[in-house]
Amino acid sequence: MSFFISPEKISEIERNLNLLDLASQYLTLNRRGGNYVGLCPFHREKTPSFVVNEEKQKYKCFGCGESGTIFNFFMKQEGVSFPEAVKALAEKANVPLSDFQQQRKEQKTEILYGVNEQATQFFSNLLLNKEGKQAKAYLSNRLITDETIRKFNLGYSPNRWDALVTKSREWNISNQILEKAGLIIKKKSGGFYDRFRNRLMFPIFDIQNRSVGFGARALDNSPAKYLNSPETEIFHKSKTLFGLNIAKSPIIKKRRVLIMEGYTDVIMAHQCGIDWSIALLGTALTREHVNILKKYCDRVTLVLDADNAGQKSSERSLDLFIEEDLDARVILLPENYDPYDFLVKRGRQQFLEQEEKAYDFLGFKIKLSKTKWDISSVNGKTSAIHDILLSATRIPNILKRELTIKRIAEEMSVEENILRNHLTQFQPKQKGWTTKNGFPQKPLTTNRLKSNAHNTIESTLLSLMVTRNDLIEKIELDFGFDSFSNMTLRNIAVRISEMYTQNGHVELKDISPFIESKELVENLVSTISRQKSLNESSLTGQSYNSEKVMNDCIRYIRKKKKREALHLVKKNVFDANKRDGQDKAVDTLLTQFHEKSIDIHS
């Protein structure tokens, strides 16, 4: 479903909110002249370089270069897309966005959030009374403090079949709603019973700090030691991470995250001050998890115990991180330790030392290969190298990939040229993939903004059209919208021109509503925001020549097109030469080749 919010609504949100107030919720800002200055929330620094201009409602960090409007700030700080930022800020500004149908859908999900919140409070209260005595004793024995219990909203589900079913009558909530929330189960004979009974409850929250489900540990001899809420309209295990709602800010500040296996591992880590820790929900890592984490950090460290099964299952997780160009590392804890045990018995400092000396992706793969194969044998070592190379082919960054190949050759004592010959065996296994220098190449899809130089240049031209409306006509006449190779960007350029013709003015907020691609919105918002900052903001104190940038962009694209035409003529000459009786055609093509060659270098 496309995302459409009228420019008037976006302007209304901007009018009703103050960037200074929003930014002050995340960092301390002190007045300096006409601006406000503080430590940048997007990178680590000791000297304040983050500046907010309240009058212009813009910010800029002179340390990392981040800049933009209230929408950019919220997107970066919360790790959300532009549509998500608009919806969240609209709520803060009390600006209604939805149509009737959308409002009905949102009302249904809001009811589920509300039910989960009430259940969370119900379980939390029970933990503190006599009925929760056993659960409280369990937590005390596990050295989990009252402060930590409150921080994670831990609770207790009573050893009764109808505790929630009965309580819901006080809330005026139907059993059907409780069932949709995954809290109760329908009996075959009719009626309902509680899903969670006599269990320690771990509420699971989404990134907006809304209760979406529960993890539950049995306090008796139940065959299912751990139990999670089922998938619901608001709870998806493939998109949810335990503790991320609490750990988000520390992860953003440190640009790294620790992924552990269990809830109590994460809880004890936070209690020990290692608050950039999270956990999966008893499921395998998914690409959705990786995409969420990419918004907040650059380094991901898996914390594993000495169990071989856990180590082997982590291989797929590492490959996912590698494919998304994240710095993936692994902590291998000593024998008979899980993260909780290590923290309790050895303490915070020794755990941080483990993080410091974590294996990088390649080091871990090599170590793991020694447990999978006998690398003292020819066959075993061949299998190990093949397996390691298979992961290396997933690295999207060419330089990193090349350096990794060199390191594999060194670590495994094999000539580099032999490894490269071996790479020819790795043929693309997925539809649309190609091979380049022995490496599978991921296809560039039409619904994704390809991050190459050409698209960057075309995006820059779009940003100039928005930040310098007086250049729209010049770009259309001198360059022509048909010259945009990216159809999506071409259509946006045409819309910008049409809006300018009708209204005499186009701003950033005018173009975002009709762009369906979330990734394209994020890229363009970032590019246009930086352009506006350079053109308008007095924070930079630098001169900027928009006309020169425009001419450089147009010159680059024209030269590229000429080179492509030259290459085509060259190919035609080669093809004609192979056919008999084509002398005249070859002469004509050679003349064209000569003319185009002169043109491209003129």
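These are my notebook entries on a predicted model of a protein chain.

**Ground rules.** I number residues from 1 along each chain as its sequence is written, and I leave hydrogens and water out, since side-chain values use heavy atoms. As the model is predicted, local features need pLDDT of at least 70 and side-chain atom pairs count only at pLDDT 80 or more, whereas totals for chains, interfaces and linings use all residues.

**Overview.** I looked up the secondary structure and found 25 helices and 18 strands in the protein chain; helices (H or I, at least four residues) and strands (E, at least two) are DSSP runs numbered from the N terminus. Of the 602 residues, 48% are buried, where buried means under 20% relative accessible area, exposed over 50% and partly exposed in between, with a 1.4 Å probe and protein chains only. Taking the contacts with a separation of 6 or more, I noted that 62% come from residues 24 or more positions apart, contact meaning heavy atoms within 4.5 Å.

I followed E1 (residues 30-32) into E2 and found the two paired in the antiparallel sense over three bridges; two strands pair if DSSP finds at least two bridges between them. Arg-32 stands opposite Asn-35 in E2. The two strands form a hairpin with two residues between them, and Gly-33 in the turn has a positive phi of about 65 degrees. Gly-34 also sits in the loop between E1 and E2 and is exposed, at a relative accessible area of 54%. I checked the C-alpha atoms of Gly-34 and Asn-53 as well: they are 7.1 Å apart in space and 19 residues apart in sequence. Along E2 (residues 35-38), Asn-35 and Val-37 point one way, Tyr-36 and Gly-38 point the other way, and all are buried. E2 is also joined by three bridges to E3 (residues 50-53), again running antiparallel, and there Gly-38 has Phe-50 as its bridge partner.

In H4 (residues 82-92) I listed Phe-82, Pro-83, Ala-85, Val-86, Leu-89 and Ala-90 as the buried residues. These cover an arc of only 160 degrees around the axis, which puts them on the same side of H4; the arc is that of the directions from the helix axis to the C-beta atoms. The axes of H3 (residues 70-78) and H4 come within 9 Å and cross at roughly 110 degrees, where axes are lines fitted to C-alpha atoms, for helices over the stretch in contact, and angles run from 0 to 180 degrees between N-to-C directions. H3 and H4 are therefore roughly perpendicular to each other (under 35 degrees counts as roughly parallel, over 145 as roughly antiparallel, 65 to 115 as roughly perpendicular and the rest as oblique). Just after H4, I found Asn-94 with a positive phi of about 55 degrees.

I traced an open sheet of four strands in the order E6-E9-E10-E11, with antiparallel pairing. Strands E6 (155-157) and E11 (226-228) stand at the edges with a single partner strand each, so one side of each is left without a neighbour in the sheet. Neighbouring strands here are turned by 35 degrees against each other on average, direction ignored. H11 packs on the sheet, touching E9, E10 and E11, and its direction makes about 70 degrees with that of E9. Eight of the nine residues of H11 (residues 263-271) are buried, so this helix is largely enclosed by the rest of the structure; among them are Tyr-263, Asp-265, Met-268 and His-270. Gly-273, which follows H11, has a positive phi near 85 degrees.

Back in the sheet, seven bridges join E9 (residues 199-205) to E10 (residues 211-218), and Leu-200 stands opposite Arg-217 in E10. In the loop between E9 and E10 lies Asn-209, whose phi near 65 degrees is a positive value in a residue other than glycine; Asn-209 counts as partly exposed at 48% relative accessibility.

**Helices H16 and H17.** I found H16 (residues 378-392) and H17 (residues 398-411) packed at about 165 degrees, with axes 10 Å apart, and they are therefore roughly antiparallel to each other. Ile-388, Leu-389 and Ala-392 in H16 meet Arg-401, Thr-404, Ile-405 and Ile-408 in H17. In the loop between H17 and H18 (416-422), Ser-413 has a positive phi of about 55 degrees although it is not a glycine, and Ser-413 is exposed, with a relative accessible area of 61%.
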